[in-house]
Amino acid sequence: MTRGQRRLRATLALTGTIIGAGIFGVPAMVGAWGVPVATLGFIILTLVVLAVHLFLAEAVSSYQPDVRLPGFAGRWVGSWGRWTVGIAQPLAVFGSSLAYVILGGEFLAILGAMAGITMPLLVWQVLFWAAGAGVILAGFSWMMRVEAFLTWGLVGLLLLMTGVAFFRVDPAWVFTFPQTGTFLPYGVILFSLFGFTTIPELELMVRGNREDLRRAVIRGTVGSAVLTYLFGIAVWLASSGTVGAGPAALLAVFPPIFSVIIPLFGLLAVITSYMTMGYDLGSLFRLDYRISAFLAWLVALGVPLALLFLTNRNFLSTIGLVGAVFDAVIAVVCVLIGRAALRHRRPWAPRWSAIWWWREVASVAVVGFLIVGGATWLLV
């Protein structure tokens, strides 16, 4: 495999991780904020997420043992960072995986009904969980080949749906604002943009090349954010402000011919993220917690299944909490470990230089933004 192919595979892996369950809540969140505010929010949050991903990529490139986020945090900021990430990341992935299973099962149920197969929704959700777990357990190399193939299909269907939706938009809704303010979109949009859990895997794909990792992170993050934004805006405008969250809401926006395309797109979007995040969590338990492979996979894959039976299965509230709180906590540590790695690699960077501004000013600004945003989401 050539260097360019490795970089492309890394970009696709990050894209497949980012574009997941969160994208199906974005149209409703555009409606909650209105197009002008949602556009500004997307720009700001994309820049924040890109900064977090780049800081983490710096830490990963500067320290390359076979560990995951807790190991990097322990290396760069000490035991408090290791334990913070070690607690927050499993909680975030458990919540994310639950959202993927909830939504993936709904899409499977729609496809099954079209084929004349009728079963309770919970059964479809368990089947989705089992299929994703099987691919994860098959191993990293095989999983990445499947994930790259699925991501190409995902991007193609996303572009097709976005293009069709734009031809059906109602321009009168572009400059409308909601009657009541809400901060819910903050968490949902953050969830739909973060993909830091897979960055240690990207470093393996590009074989430790710092520049290739940086390019893959920028292209994957920005490209996914643009696609997610365009999809959210187009679908909300095409619905004349009536779209809600979930597969049924999307089916009402598009022509009947899309009754198969939409659940297929949804299934691709959810399963690519589910596979990469589930694999990363199992690797975290094995490599950073040093527990047996059997127990690592049992916990990583078994807890989301248990939560499926123990919760009310509301995917919007789940991803909002994960994005605004758990992902934000991890992101703060990612920025701090990236800052520490930069100080180690470039200790004598001149004051007021570009690297100094990035390391000392941008890092503080991003951390402050995430802390204030998370606290506001919880309070409001």
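In what follows, a residue is called buried under 20% relative accessible area, exposed over 50%, and partly exposed in between, with a 1.4 Å probe and protein chains only. By that scale arginine 3 is partly exposed, at a relative accessible area of 42%.

Before I continue, a note on the basis. This is a predicted model, in which local features need pLDDT of at least 70 and side-chain atom pairs count only at pLDDT 80 or more, while totals for chains, interfaces and linings use all residues. Residues are numbered from 1 along each chain as its sequence is written, and side-chain values use heavy atoms, with hydrogens and water left out.

I begin with the salt bridges. A salt bridge here is a side-chain nitrogen of Lys or Arg within 4 Å of a carboxyl oxygen of Asp or Glu. The count under this rule is nine. One of them joins arginine 3 to aspartate 212, with 2.7 Å between the closest N and O atoms. Arginine 3 belongs to helix α1 (residues 3-18) and aspartate 212 to helix α10 (residues 210-238), so this pair ties together parts that are 209 residues apart in sequence. Helices are DSSP runs of H or I with at least four residues, numbered from the N terminus.

What is the relative accessible area of aspartate 212? The value is 2%, and the residue is therefore buried. Aspartate 212 also meets arginine 7 in a salt bridge, at 2.8 Å from N to O. Arginine 7 lies in helix α1 and aspartate 212 in helix α10, so the two tie together parts 205 residues apart in sequence.

Through shared partners, salt bridges join Arg339, Arg343, Arg359 and Glu360 into one network. Glutamate 360 counts as buried at 14% relative accessibility, and arginine 359 likewise at 6%.

I turn now to the aromatic rings. Rings of Phe, Tyr and Trp (its six-membered ring) pair if their centres lie within 6.5 Å; planes under 30 degrees apart count as stacked, over 60 as edge-to-face and the rest as tilted. The whole structure contains 13 aromatic pairs. Phenylalanine 183 and tyrosine 186 are stacked, because their ring centres are 4.9 Å apart and their planes stand at 15°. Phenylalanine 183 is partly exposed at 23%, whereas tyrosine 186 is buried at 3%. These two residues and Phe369 form one aromatic cluster.
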